[in-house]
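Please look through the sequence and the model shown below.

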Amino acid sequence: MTDLWSDKLKSMDQRRQPSFRTQPGGRLMGRLRVPGDKSISHRAVMLGAIAEGTTRIKGFLRAQDCLATLKAFQAMDVCIEEDRQAGDIAIRGAGLYGLQAPQSPLDLGNSGTSMRLLAGLLCGQPFDTLLIGDVSLMHRPMQRIAEPLTRMGAAIQTSTQGTPPLRIIGGQRLRGIEYHMPIASAQVKSSILLAGLYAQGRTCVIEPMPARDHTERLLAEFAYSIERQDLKVSLQGGGRLQAAMIEVPADISSAAYFMVGASIAPGSDVTLEHVGINPTRSGVIEILRRMGSNIKVSNRRMAGGEPVADIHVTSTALKGIHIPPELVPLAIDEFPAILIAAACARGVTVLTGAEELRVKESDRIQAMMTGLRACGINAEPTADGMIVRGGQLQGAIVDSHGDHRVAMAFAIAGLAACGDIIVRDYENVATSFPDFVAFSKGAGLDISVEQ
């Protein structure tokens with residue numbers, strides 16, 4: 001009887017979950033500008049908060065993850081003024097040593113970027129801090145940052161499983177280290193570099209493969225000396241950051257859904273404006289091009305130390321490919337969208353070297369496999385990737401597992417399905433793409449929200 005009652009409660013809970021419903025037949029058209037880049041928004045706030053003077057950030061992403069970073073610094077007595085209508089913020093920097101002890105634990109919601117980067121920055125402070133998050137974040141691995149930070153002299157504690165909460169004991173003397181990263185990770189690299197600002201001597205990070213370099217670019221924008229040579233990044237501790245004017249480009253991770261959508265929906269013709277095309281992030285463009293996507297990049301320029309451009313995409317037939325391993329870290333957040341393209345492609349797509357996908361907001365390999373199979377696609381997971389045999393997407397009910405990127409990927413999949421796709425539990429989409437439904441409707445996706 002207990003099992004029957006538990007099953008009934010679970011069923012009732014599933015019926016209460018908010019869902020996307022996308023109907024087939026839509027196409028994407030027009031000139032679109034997706035919201036600002038999440039990775040850059042996080043980092044601009046962090047560096048602005050410890051700079052000297054007032055930093056102004058144009059195009060800040062007002063998504064839940066970035067707001068968690070912003071609120072954390074407000075809790076440490078940093079003055080931040082927002083112009084919500086314009087999407088701009090002004091940060092009166094406290095300097096490297098001007099942050100104040102928060103009165104309670106810093107709750108970072110679902111944001112792994114906030115937690116991992118803040119851990120590096122906070123281990124150089126004179127006060128103690130406790131970092132917590134939502135259920136998903138409290139199960140994500142943190143030993144990958146705790147180990148190198150401890151080598152630098154930080155006192156940082158995780159759970160016995162190496163997960164949050166993170167307890168950081170202040171007042172430690174940090175020292176620079178040379179760290180050979182076992183895997184390419186921008187969050188780990190950035191955490192070490194932020195700790196290096198407070199360390200005695202030189203901090204050096206050596207990557208096995210290129211990972212996104214927004215932290216290095218922004219440090220230069222804040223007039224902090226940093227050296228980059230091939231896969232080696234170095235900085236000297238004890239410098240000063242000067243306030244800057246930062247323009248945040250449109251997020252290529254958010255743009256990726258519409259690149260894929262325009263590729264798979266017949267008759268689509270979309271121009272995505274002012275998209276960040278940082279070479280450590282633009283792997284999605286190269287992968288889709290290799291699959292046959294008709295993508296043209298134009299109007300290249302610089303904004304806030306980052307290369308940006310307009311991306312024009314029209315519909316075309318796609319083909320399956322073996323994704324080159326060297327492109328995987330350059331597109332790690334875009335694979336939910338890329339796997340939808342693979343599902344619509346002719347032939348087989350093979351993804352390897354993407355074990356990092358298993359420790360995101362969900363196990364994205366498992367979540368995407370389950371969703372693709374529900375849609376009638378032959379998808380076989382592997383330890384570090386997936387094998388997808390393209391076919392006709394069917395209507396289905398898909399569980400996003402609370403993962404914003406999985407939810408948006410299957411919403412876009414509705415463009416090429418022969419029946420309605422219902423995506424359960426979409427609320428975490430707000431962590432990276434506020435107003436996704438209204439934006440997608442305006443672009444031509446037949447999407448609605450229902451309970």
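The buried residues of helix 12 are H404, R405, V406, A407, M408, A409, F410, A411, I412 and A413, where buried means under 20% relative accessible area, exposed means over 50%, and partly exposed lies in between (1.4 Å probe, protein chains only). The model is predicted, with local features needing pLDDT of at least 70 and side-chain atom pairs counting only at pLDDT 80 or more, while totals for chains, interfaces and linings use all residues. Residues are numbered from 1 along each chain as its sequence is written, and side-chain values use heavy atoms, with hydrogens and water left out.

- D403 caps the N-terminal end of helix 12, with a side-chain oxygen 3.0 Å from the backbone nitrogen of R405.
- H401 lies in the loop between strand 21 (396–399) and helix 12, and its phi is near 55°, a positive value in a residue other than glycine.
- With a relative accessible area of 42%, H401 is partly exposed.

**E361 and its partners**

- E361 is placed in the loop between strand 18 (348–351) and helix 11 (364–374), and it counts as buried because its relative accessibility is 12%.
- The side chain of E361 makes a polar contact of 2.8 Å with the side chain of R364, where a polar contact is a pair of N or O atoms within 3.5 Å; within protein, one atom must be able to donate a hydrogen and the other to accept it, and residues adjacent in sequence count only if both atoms are side-chain atoms.
- A further polar contact, of 3.1 Å, joins the side chains of E361 and H404, and H404 is one of the buried residues of helix 12.
- Leaving aside neighbours within four places in sequence, E361 is in contact with K38, N110, S136, R140, D403 and H404, contact meaning heavy atoms within 4.5 Å.

**D65 in helix 3**

- D65 belongs to helix 3 (residues 64–75) and is buried, with a relative accessible area of 3%.
- Not counting residues up to four places away in sequence, D65 touches K38, H42, N110, S111, S114 and T431.
- K38 and N110 are among the residues that D65 touches, and K38 and N110 are also among those in contact with E361.

**Helix 9 and its cover**

- In helix 9 (residues 283–290), the residues G283, V284, I285, I287 and L288 are buried.
- The elements that cover these buried residues include helix 8 (252–264), strand 16 (294–303), strand 17 (306–314) and helix 10 (335–344).
- Helix 9 is followed by G292, whose phi is positive, near 105°.

**Loop sites**

- Q100 lies in the loop between strand 5 (88–92) and strand 6 (106–107), and a relative accessible area of 40% makes Q100 partly exposed.
- Although Q100 and F127 are 27 residues apart in sequence, they are 7.8 Å apart in space, C-alpha to C-alpha.
- Q100 touches M76, D77 and F127, not counting residues up to four places away in sequence, while its side chain reaches the backbone oxygen of G98 at 3.1 Å.
- The peptide bond from P164 to P165 is cis, with omega near 10°, and P165 is situated in the loop between strand 8 (155–157) and strand 9 (166–169).
- D435, found in the loop between strand 22 (421–424) and helix 13 (436–443), has a positive phi of about 60° although it is not a glycine.
- At 63% relative accessibility, D435 counts as exposed.

**The chain as a whole**

- The protein chain has 13 helices and 23 strands, and 59% of its 451 residues count as buried.
- Its radius of gyration is 22 Å, which agrees with the value near 22 Å for a compact globule of 451 residues; the radius is taken over C-alpha atoms, and the globule rule is 2.2 Å times the number of residues to the power 0.38.
- The C-alpha trace spans about 65 × 60 × 40 Å along its principal axes.
- Of the contacts in the chain with a separation of 6 or more, 74% are between residues 24 or more positions apart.

Definitions and conventions: Helices (H or I, at least four residues) and strands (E, at least two) are DSSP runs, numbered from the N terminus.
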